[in-house]
Amino acid sequence: MSLIILGYQGIGKSSAADPLEGIIDFESSLFKENGARGEDWYKTYVRQAIALADQGFIPLLSSHKEVRDSLRDYAKESGNHVVTIAPVPWLRSAWLDRLEKRYNEDQTSKNYIALINTT
């Protein structure tokens, strides 16, 4: 039985990743070409995540709608576990603080987009 975890931006995927324990932050921004994702980018992303999970790793994925939909179908068909982690309303201010701190420490476009998508 394998496990794939989907996580909303800023919930701690990178912090939780530990290659020694088999937990991999499977970064979706790597699936961009010339700054944009192709129409079917998520298909390769999901296939590769499934392959990692089948090898015993626990991939931590983005929670884009296309990814969620693909993995919902995979979980139904395979019986493997797919879990989604999202911030809860009562932790909203701490979560926003975390995203703002992340952007202030590393002013990449990825971190900026994560911050503005939440406000």
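Lys-65 and Asp-69 both belong to helix H3 (residues 65–78), where 4 residues, about one turn of the helix, separate them. Helices (H or I, at least four residues) and strands (E, at least two) are DSSP runs, numbered from the N terminus. The model is predicted: local features need pLDDT of at least 70, side-chain atom pairs count only at pLDDT 80 or more, and totals for chains, interfaces and linings use all residues. Residues are numbered from 1 along each chain as its sequence is written, and side-chain values use heavy atoms, with hydrogens and water left out.

**Salt bridges**

Side chains of opposite charge can pair when their charged atoms come close. A salt bridge is a side-chain nitrogen of Lys or Arg within 4 Å of a carboxyl oxygen of Asp or Glu. By this rule the model has 5 salt bridges.

| Salt bridge | Closest N to O |
|---|---|
| Lys-110 and Glu-27 | 3.0 Å |
| Lys-65 and Asp-69 | 2.7 Å |

Asp-69 and Arg-72 are 3 residues apart, about one turn of the helix, and both lie in H3. Through shared partners, salt bridges join Lys-65, Asp-69 and Arg-72 into one network. Exposure is stated as relative accessible area: buried means under 20%, exposed over 50%, and partly exposed in between (1.4 Å probe, protein chains only). On this scale Asp-69 is partly exposed at 22%, and Arg-72 is partly exposed at 43%.

The salt bridge between Lys-110 and Glu-27 links distant parts of the chain, 83 residues apart. Lys-110 is in helix H5 (residues 109–116), while Glu-27 is in the loop between strand S2 (23–25) and helix H2 (41–54). Lys-110 is partly exposed, with a relative accessible area of 35%.

**Glu-27**

Glu-27 is buried, with a relative accessible area of 18%. Its side chain makes a polar contact with the side chain of Ser-29 at 3.0 Å. A polar contact is a pair of N or O atoms within 3.5 Å; within protein, one must be able to donate a hydrogen and the other to accept it, and residues adjacent in sequence count only if both atoms are side-chain atoms. Leaving aside residues up to four places away in sequence, Glu-27 touches Tyr-45 and Lys-110, where contact means heavy atoms within 4.5 Å.

**The sheet and its helices**

An open sheet is formed by 4 strands in the order S2-S3-S1-S4, with parallel pairing. S2 and strand S4 (81–85) stand at the edges with a single partner strand each, so one side of each is left without a neighbour in the sheet. From one strand to the next the twist averages 20°. Two strands pair if DSSP finds at least two bridges between them. S2 and strand S3 (residues 58–61) run parallel and are joined by 3 bridges. Ile-23 stands opposite Ile-58 in S3.

H2 lies across strand S1 (3–7), S2 and S3, and runs at about 155° to S3. H3 lies across S1, S3 and S4, and runs at about 155° to S1. Axes are lines fitted to C-alpha atoms, for helices over the stretch in contact, and angles run from 0 to 180 degrees between N-to-C directions.
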